[in-house]
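Reader: I'm new to this one. Can you put the structure up and walk me through it?

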Amino acid sequence: MVIYSPLSMGALTGKYKNGYDLPQSRIAQWPERYKKIFVNEAAVTAAIEYENLALDCGLTLIQLAIAWLYHQPVKTILLGASKESHLDDLVSSREIRLNQDTLRKIDELHRRTGDPVLGIK
């Protein structure tokens with residue numbers, strides 16, 4: 001399995017939690033196509049909940065998202081970073097092992113929020 005855009009065009013970096021006002025973001029390049037998908041109310045709310053879980057674990061949202069992927073049957077993760085701090089989080093995620101309680105909490109959160117990017121609950 002190959003994972004493309006594992007941070008949902010930046011939605012799982014937390015940068016849209018205060019609304020969409022980032023003219024330098026990738027989404028700003030194609031706002032009609034991507035803003036309604038990645039910066040909708042459900043997606044922002046879910047990202048905030050995942051970020052709260054990450055903080056409870058002593059992680060950033062990026063670290064939680066990428067570390068979770070390493071617990072899945074994934075062969076390749078296509079990553080990109082627009083900030084050096086994001087790159088640091090991406091690299092450090094490889095060494096993070098999530099415990100069963102954290103994985104359970106992620107599953108519960110996903111069941112509750114569904115996939116807000118795809119509009120599936």
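Author: One term to start with: contact means heavy atoms within 4.5 Å. With that, L64 touches Y50, L53, A54, L59, L98, T102 and I106, not counting residues up to four places away in sequence.

Reader: Where does the model come from, and how are residues numbered?

Author: This is a predicted model, where local features need pLDDT of at least 70, side-chain atom pairs count only at pLDDT 80 or more, and totals for chains, interfaces and linings use all residues. Residues are numbered from 1 along each chain as its sequence is written, and side-chain values use heavy atoms, with hydrogens and water left out.

Reader: What is the mean pLDDT of the chain?

Author: The mean is 80, and 78% of the residues reach 70 or more. pLDDT is the predictor's confidence in each residue, from 0 to 100.

Reader: Where is confidence lowest, and where highest?

Author: Strand β1 (residues 2–4) is lowest, at a mean of 65. Helix α6 (residues 100–113) is highest, at 94. Helices (H or I, at least four residues) and strands (E, at least two) are DSSP runs, numbered from the N terminus.

Reader: How many helices and strands?

Author: Six helices and two strands. Along the sequence, the pattern runs β-α-α-α-α-β-α-α.

Reader: Back to L64. Which helix is it in, and is it buried or exposed?

Author: L64 sits in helix α4. L64 counts as buried because its relative accessible area is 3%. Buried means under 20% relative accessible area, exposed over 50%, and partly exposed in between (1.4 Å probe, protein chains only).

Reader: What about the rest of α4?

Author: Mostly covered: eight of its nine residues are buried. Those are L61, I62, Q63, L64, A65, I66, A67 and L69.

Reader: What else is L53 in contact with?

Author: Leaving aside neighbours within four places in sequence, L53 is in contact with L64, T102, K105 and I106. L53 and T102 are 49 residues apart in sequence, yet 8.2 Å apart in space, C-alpha to C-alpha.

Reader: And D56, buried or exposed?

Author: D56 is exposed, with a relative accessible area of 69%. D56 is also found in helix α3 (residues 41–56).

Reader: New topic. How do α4 and α5 cross?

Author: The axes of helix α4 (residues 61–69) and helix α5 (residues 84–93) come within 8 Å and cross at roughly 35°. Axes are lines fitted to C-alpha atoms, for helices over the stretch in contact, and angles run from 0 to 180 degrees between N-to-C directions.

Reader: Which residues make that contact?

Author: From α4, I62, Q63, I66 and A67; from α5, H86, D89, L90, S92 and S93.

Reader: Why does D89 count as buried?

Author: Because its relative accessible area is 15%. D89 lies in helix α5 and touches T60, I62 and Q63, not counting residues up to four places away in sequence.

Reader: Last one. How much of the whole chain is buried?

Author: Of its 121 residues, 41% count as buried.
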